[in-house]
Amino acid sequence: MTKSNRKLYTKEKRTAFAFITLPLIGFSVFTLFSLVAVLVFSFADYNTYRETFDFSKPFQNFVNLFTNDTYSNAFFRSIGNTVLLLIGIPIGMVAGLFVAALLQSKAVKKGSKVFQVLYYLPAVTSAVAVNLVFRYIFNPSYGLINRLFDADIPWFSNEWLIKIAIILKNTWSSMGGTMILYIAGMLAIPQSYYESADVDGASPLRKFFSITFPLLTPTTFYIIITSVIGGLQSYADAQIFGAGAAGSQTIVWFIWNYGINQGKQGLASAASLVLAVFIMIVTVIQFRYSNKWVYED
Amino acid sequence: MKFKKLAAMMLSSLMLVSACALTACDNGENVTDGKTKVSFWYWGSSAEVSVYNQLINTYMDLNDDVVIVPTHYESTTYMTKFQSEKTKPDVFFMPDTDFVQWADAGTMLPLDSYVTASEIGGLWETGINEYYYNMDAKTLGKSSGAKLYGFPKDLGPVTLAYNKTVLDRQIAANKLNSADVYAKLNKLQPMTWDEFAQLCKDLTADQNTSGANRLYAIPYCEMDAMLYSGGADYFDKNDRTKQGIDEAFIQAITYIVQLATVHGVMPDSDHSGDNAYTLFENGKTIFTWIGPWDNADFWANPDLKYDIIPVPYNSNIAHAKSTSMIGSMCYGVSARSNVKEEAVKFAKWLCMGSECQNMTMYLGQQVPNIKSLASAYISDEGDWVCKTATNTKVLPESRSLFVDIMDGDSDTFGFWAAAGKTDVISGRTRALYYTYGSTWKDNFTDYLATQHVWDMKSADDIRAKLEAYRTNLQHDLDGMYSYWRG
Amino acid sequence: MSELTKKLTVNHVKRKYSAKDIIIKVVLYAVLVIIAFFTLFPYVWMLLTSFKTNAEATSVELKLFPEVFKFDSYVKLTQLKELQISDASFLRAMLNTLIIEVTVIPIGTFVAALAAFSFAKMRLPHKRFFLLFLMSGMMVPYAAVLLPQYRAFSAIGWVGNEGFSQMLPLIIPGFFGNVGMMFFFIQYMKSTPNALIEAGRIDGASWMKIFIRIIIPVIVPAIAAQVIFWFLGIWNDFFAPSIYLSRDWLTLQALISQLNDSLARRADIPLVMAGSTLGSIPMIVIYVFFQRYFIQSLALTGIKE
């Protein structure tokens, strides 16, 4: 390397570093610093009314979270609810895949674009509007469903029914996004695969299960990761749709309720930490094991 | 070159940040144009907001050296905003449910030195006594060593109301004797629980379907009021530390649940009461729960004819007495206010100023805090906003019941003496007032929901679920008290 | 069955359809129409309800169409502040949302693209470390860092005040770029030829100049794709705005959810539905006009990585 080259390289290094400083600062301040603060808070009893920090019992928040019935019941329930509500993901995926397969089938030519545009609409509609409309539709006293069937189905107060309602709602809103991803995945599959299958005389169903679906595994994998991470952070379902009903409380709602609503920030920080660790583990596991079953060329 | 650009970008964003931060910090100033600025935080419905605007203007006319700077928040976010505000407003709403946390934290200014005994004496004891707190003993209510930390805004006795139009229609539809039914709806004679359940069944006997489209007698039950009227409470009445899941408590919850599951007079789909007003105003229930502040909204609908009755009581429990739940709120003054004198003066005026009390009374917002105005509240004379040329009656006709409830066990106005009876109607502050935080009660309501207690028909099943919760409730209360009282 | 397959796959060359084909076609279209009905129905119900009176919306009789189409709720929406239903007017809330969009997106996108350029095309020391460092932030849920951020913003006076500064917690973090977006740009830039950059270097252009003059024009499709989704994300965001904002500074979604809250016990269903309708229309219009971009960029995001 010549002297001027080296000088240029140093300059390039410096410039390259300068270009990434803002994201580095942003990450350090807003995420790293906040995570450290969460860690500190979670070992303190922070009384928001008295504005006092008390570190005399550093593990009390975790003890409360996991063993003290006063908090652990609600905490475990919110974890359970969050995990149960993830059932909506495979349902939405199957629906999305089904619709994608229909729209890509040779029998459906005309209007396939129009259907595609229609089905994707819920994905651009805000969670607030979706939750409000569905809350009205499911309202036990004057909602569409109970009035239509003249029934008294306790959609909100029963802890199972509210989950069914939320899953139905989430399937409705997630189908379009999944569909588009699957269609994109299908378009990327080389036509030659199907042509050789045609030569063998394979049925459309057989072609779907032996060619399309296996080749879509990267898409499936991507959808699972993003929806599980999104699902673990669900909040509007509990806040707007469920209005805090026991059957709809999620982990993020728990954090909001204790941290911001009830002023128990230490406890909420401990819960945040548990959530963060949980999401990191899920992500790492998903990436680690992805190679084993994801078809990639 | 590139560093310059980057630096310029960072600098400009920094400048934006600091400029914005500066605009936020201009509320340290308390005097403008020789007038003292007093900040005031409150919440309320649109009707209440316009009332407060009028009140504030009236106050500023009366005191032209003061400028009140009001801030209105939604009730759902109010406490969050209050918590996050570093400089608390000079005067603010403080609900009874959150009072003790903030009084205990030293946020609220002791007001004793600003009021005279006679001023205090003119107010309802139930109201003013609520806002005494003993910082050392950590006890609520008036006692030696306790200081006054808030002026009551109003007292909200919550009791049952009925929609007269729907009631008359149901009496006719079920061929009931109108005089008999109305005899039961008596402001001086509460029904027993059995009588009330029977009446509800009789009135809805023609509604043979079950479903969203039928008429129900009552949309939900106010749990505190039903427990109190069943001679029960969440905790021991004296030291409020021992849990109260006793026989009376179990009977009360069983009665509420069975109104829906056994008697079929209440929907079993919604126990939050969220839809109650909509159902009541649309004529889909006969009864609902209301407080004095609801009058303003009900008067806006001239077709709505209604009246109130006392909460039914459990005649199977010897000491049970018809007892309404009283919700309340106070005006607090920040202990760190720079304009304490002016702030207290304003808060005091809101609480006991006669202009203010008259105005809110005739607008249908509240029963006056001053006892001497009670006779005006009962009378149809006066500047009631609901009076028209054709209609001179003020609803609800039995509104002396609100006064009677606030009067507690005493008979200050001689309602009972005049009828030759002894007072059997009372009121008690809602349970959350007595405790530090609401976790214990949230847990209880979540327990009822997740254990499907609301769907149970059998009294034994309900009893078993409640008995199983006894230690949990005690545990929650113990934790709360040890956190509060150390 | 193989006969059918052949027809299904090669029918575009044939002019005639067999009866079986037609039946399959009819069934498939019927399924698609039914799904479309369920997808669209909530929108129809929302729109029709917004023209009803509250009594109609909550009455025993279930009717699809309102007795008379009433625009009262929409009139009310324009007077939210005057009627003291909410703290901000509808237009103001829309403007507030746009303020966040137009301040955050250009700066944030520029910063993310610049960083991506550095990662993809420059000799950055410890590249792997820095990339992993930044990417690890994507795993941290927002809810987990919300509390300390809330406290920190509150300490510098950006929370619970009356002025514009309450918007800063929603704006400032965006200035530091969006890591997801940056990662996407890195992937995209890898496929741009280095020759262009080399040529620029030989001409003596600075790195910033190369980035602005050469790289940005090349990655415009990627920028468009990401900007659309960021725009959508900010428009529909609810969690953070509902926590930080109040009074005149509410964003649209926070305002709409507040309409629901403030009327919790006396629900004005048509008003809430009118608010939801008006709040959804802008995104739907943008989507219908730019649906090609939406679908393309979603596809770009999903396939690889």
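Me: What makes B:Y78 and B:F82 about one helical turn apart?
Reply: Both are in helix α3 (residues 75–84) of chain B, and because they are four residues apart there, about one helical turn separates B:Y78 from B:F82. A helix here is a DSSP run of H or I with at least four residues, a strand is a run of E with at least two, and the numbering starts from the N terminus. Before we go on: this is a predicted model, where local features need pLDDT of at least 70 and side-chain atom pairs count only at pLDDT 80 or more, while totals for chains, interfaces and linings use all residues. Residues are numbered from 1 along each chain as its sequence is written, chains are lettered from A and ligands numbered from 1 in the order in which they are written, and side-chain values use heavy atoms, leaving out hydrogens and water.

Me: How many aromatic pairs does the search of the whole structure find?
Reply: Over all chains, 100. To pair, rings of Phe, Tyr or Trp (its six-membered ring) need centres within 6.5 Å; planes under 30 degrees apart are stacked, over 60 edge-to-face, and the rest tilted.

Me: Why does the pair of B:Y78 and B:F82 get the name it has?
Reply: Try the numbers: the ring centres are 6.4 Å apart and the planes meet at 10 degrees, so this pair is stacked.

Me: How do you know that chain A and chain C touch?
Reply: Contact means heavy atoms within 4.5 Å, and 94 residues of chain A are in contact with 98 residues of chain C. Together they bury about 8,600 Å², with 76% of it on carbon and sulfur atoms; buried area is the accessible area (1.4 Å probe) that two parts lose on being put together, summed over both. A:F19, A:F30 and A:Y136 supply 9% of what chain A buries against chain C, more than any other three residues.

Me: Which residues form a salt bridge, with closest N and O atoms 2.9 Å apart?
Reply: A:E12 and C:R123. The rule finds one salt bridge across the interface of chain A and chain C. Helix α1 (residues 3–42) of chain A gives the largest share of chain A's side, 24 residues. By class, that side has 65 nonpolar, 19 polar and ten charged residues. Nonpolar covers Ala, Val, Leu, Ile, Met, Phe, Trp, Tyr, Cys and Pro; charged covers Asp, Glu, Lys and Arg; the others, Gly among them, are polar.

Me: How much area is buried between chain A and chain B?
Reply: About 3,600 Å², of which carbon and sulfur atoms give 46%. In one of them, the side chains of B:D104 and A:R50 meet at 2.8 Å, N to O. On the side of chain A that touches chain B, α1(A) has the largest share, with seven residues, and the classes come to 15 nonpolar, 15 polar and twelve charged.

Me: What is chain C divided into?
Reply: Domain 1 (2–78) and domain 2 (90–303), with bounds from an automatic or database domain assignment. Their centres, taken over C-alpha atoms, are 33 Å apart, and 14 residues of domain 1 are in contact with 15 of domain 2. The two domains bury about 1,100 Å² between them, 76% from carbon and sulfur atoms. In domain 1, C:M46, C:N54 and C:L77 lose the most area to domain 2, together 49% of what that side buries.

Me: Why does the pair of C:K76 and C:D268 count under the salt bridge rule?
Reply: The closest N and O atoms of C:K76 and C:D268 are 2.7 Å apart, so the pair passes the cut-off. Between these two domains the rule finds one salt bridge.

Conventions. Salt bridge = Lys/Arg side-chain N within 4 Å of Asp/Glu carboxyl O.
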